[in-house]
Amino acid sequence: SGNASLEVKVDELLRQQRSGIDQSQKVYKLTGSVVGDSIRYDAKTLNLQFDIVQDRETLANSLATAPRVTVLYRGARPDTLAHEANAIITGKVTPDGKFAAGSSPDSLLLQCPTKYEAAAEAKP
């Protein structure tokens, strides 16, 4: 499983950091919900940075105190990057505890909340 990534949510990744687990050589598939007011994008350098929290419920109920992970990505800003978007990021933890997305096109996947709601309503 040399190329496999470990699936984790924000709380689990932070728990591993606090417990001293060496994350430097591991590739993770991190999932969470985008915090809209944290999005920073520089079109000249293509550097994108944003925070994610555990899930949409956390965004709605406890954003001010919620644990966050800062995601770093280099590339064009995705159209679907918005507040409450569901993010799936494949990458590695940086030495300063941020999460650097990989360079492959599928290292940053986003699903906007309106698509979520439409899918939920379509179910019987």
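Begin by selecting L13 and Q23: the backbone oxygen of L13 lies 3.2 Å from a polar atom of the Q23 side chain, a polar contact being a pair of N or O atoms within 3.5 Å, where within protein one must be able to donate a hydrogen and the other to accept it, and residues adjacent in sequence count only if both atoms are side-chain atoms. The model is predicted: local features need pLDDT of at least 70 and side-chain atom pairs count only at pLDDT 80 or more, while totals for chains, interfaces and linings use all residues. Residues are numbered from 1 along each chain as its sequence is written, and side-chain values use heavy atoms, with hydrogens and water left out.

Stay with Q23, which lies in the loop between α1 and β2; helices (H or I, at least four residues) and strands (E, at least two) are DSSP runs numbered from the N terminus. Q23 counts as buried at 5% relative accessibility (buried is under 20% relative accessible area, exposed over 50%, partly exposed in between, with a 1.4 Å probe and protein chains only). Its side chain also makes a polar contact of 3.4 Å with the side chain of Q17. Leaving aside neighbours within four places in sequence, Q23 is in contact (heavy atoms within 4.5 Å) with L13, Q16, Q17, Y28 and V93.

Next, select V10, L13, L14 and Q16, the buried residues of α1. Seen down the helix axis, they fall within an arc of 155 degrees, so they line one face of α1; the arc is that of the directions from the helix axis to the C-beta atoms. Their cover includes β1 (6–9), β2, β3, β4, β5 and β6. After α1 comes G20, with a positive phi near 85 degrees.

Move to the largest nonpolar core, which has 23 residues, with V34, F50 and I52 making the most contacts inside it. Such a core is a set of buried Ala, Val, Leu, Ile, Met, Phe, Trp, Tyr and Cys residues joined through side-chain atoms within 4.5 Å. The strand β2 gives the most to this core, with four residues. Centre on F50: beyond four places in sequence, its contacts are V34, S38, I39, V69, T70, V71, L81 and L108.

Now show the strands. β3 and β4 pair in the antiparallel sense over six bridges (pairing requires at least two DSSP bridges), and L48 stands opposite Y73 in β4. β4 and β6 pair in the parallel sense over two bridges; the bridge partner of V71 in β6 is F99.

Finish at A60, in helix α2 (residues 56–62). A60 is exposed, with a relative accessible area of 60%.
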